[in-house]
Amino acid sequence: MAQYDGKFEKYEDFQKIIATLYSQKKTELVEISTEEKKQSTHKLYNLAELQKKANTMYGFTADETLNYLQSFYESGYVSYPRTDSQFLNEAMESDVENIIEVIDSIYAFGIDFKKYIIVSKNKSFNDSKVTDHHAIIPLKKTPVFSQLKEKEKKVYLLILISFLKAFSIPKISDFTLCVFSVKNINEKFLTRGNLIKEPGFSIFDDILKKQNATALEDEEVNEEFSKIPSLEQGKIYLINDIVQYEGMTQAPPLLTDASLI
């Protein structure tokens, strides 16, 4: 679907555009371009970012998340939770490799996730950005999932998946922009689409969805993008349908733990 790339000062202007579209019934593809984009891997969690994510995804309060983290820490499942850093010490590279081996041996994700992992020289290692404590990561000692409460599972999986994403390869997509022109209308109509060439870290989002049976927002992908069929620049296409959207501005949402943090 191509969307009008302009604004209306008056409702009458909107009506004129609609009338013109109904009278023309055709459009020309005047430009089509494709750009490859790499979406870099995510940072590891510090306490604040993990509390925000758990509140946004599951509605957990900041105290709830901290309590689960403290319990995991005391049980030896995760590193020290009260940290403001999202990086690891450079000397921890071998520790990370060992943790990934443990994860691979214990968790049946249904895919060979290790082929997406690159630990060496990862940007998560940065001594200058580690304060008193490094980022929150899972440790080699892992919990028995059947013994965890549902909320505990969700928090632990957030830590586990963020850890794997931080050491995975980038996601690579081809983003395509199509520009359509309609006679007697100055502004153009735009269609955007993307084709994933290398899923990279996004495979771990899919794992989290399956584990939680919960929709996960991909923070780096605009969901309005979709696959675009084969099109030819300079060709005339018929307008099959015209969809009109009307809406109203809304008041800002109420504050949550995530927005306060």
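**Figure 1. Contacts and overall form of the chain.** In the chain, 82% of the contacts with a separation of 6 or more are between residues 24 or more positions apart. The model is predicted. Its secondary structure comes to seven helices and five strands. Read from the N terminus, the order of these elements is β-α-β-α-α-α-α-β-β-α-β-α. The C-alpha atoms fill a box of roughly 70 × 40 × 40 Å along the principal axes. The radius of gyration of the chain is 24 Å, whereas a compact globule of 261 residues would have one near 18 Å. Of the 261 residues, 44% are buried. The chain exposes about 15,600 Å², and carbon and sulfur atoms supply 48% of that area.

**Figure 2. Helix α2 and the residues at its two ends.** Helix α2 covers residues 47-58, which is 12 residues. From its first C-alpha to its last it reaches 16 Å, close to the 16 Å expected at 1.5 Å a residue. At the start of α2, a side-chain oxygen of N46 comes to within 3.3 Å of the backbone nitrogen of A48. Just after the helix, G59 has a positive phi of about 80 degrees. The buried residues of α2 are L47, L50, Q51, K53, A54, N55, M57 and Y58.

**Figure 3. L66 in helix α3.** L66 lies in helix α3, which is made of residues 62-75. The relative accessible area of L66 is 15%; the cut-off for buried is under 20%, so L66 counts as buried. Leaving out residues up to four places away in sequence, L66 touches L47, Q51 and R82. Two of these contacts, L47 and Q51, are with buried residues of α2 shown in the previous view. L66 and S230 are 164 residues apart in sequence, and their C-alpha atoms are 50 Å apart in space.

**Figure 4. The buried face of helix α4.** Helix α4 has 14 residues, which at 1.5 Å a residue should span 20 Å. Its end C-alpha atoms are 20 Å apart, in agreement with that value. Within α4, the residues V96, I99, I100, V102 and I103 are buried. Seen down the axis of α4, the buried residues fall within an arc of 160 degrees, so they line one face of the helix. An α-helix has 3.6 residues a turn, so residues three or four places apart point the same way. The buried residues of α4 pack against α5.

Figure 5. Helix α5 has 17 residues. It reaches 24 Å from its first C-alpha to its last, close to the 24 Å expected at 1.5 Å a residue. Most of α5 is covered, with 15 of its 17 residues buried. The buried residues of α4 pack against this helix.

**Figure 6. N122 in the loop between α4 and α5.** N122 is placed in the loop that runs between α4 (93-106) and α5 (150-166). The relative accessible area of N122 is 10%, and N122 is buried. Its side chain reaches the backbone nitrogen of S124 at 2.8 Å. When residues up to four places away in sequence are not counted, N122 touches A166 and F167. A166 belongs to α5, the helix made of residues 150-166.

Key:
Residues numbered from 1 in each chain as written. Heavy atoms only, no water. Helix = DSSP H or I, 4+ residues; strand = E, 2+ residues; numbered from the N terminus. Buried < 20%, exposed > 50% of the residue type's maximum accessible area, 1.4 Å probe, protein only. Polar contact = N/O pair within 3.5 Å; in protein donor to acceptor, adjacent residues only side chain to side chain. Contact = heavy atoms within 4.5 Å. Expected span 1.5 Å × (residues − 1). Arc of directions from axis to C-beta. Rg over C-alpha atoms; globule rule 2.2 N^0.38 Å. Areas by Shrake-Rupley, 256 points an atom, 1.4 Å probe, with all protein chains shown as cover.
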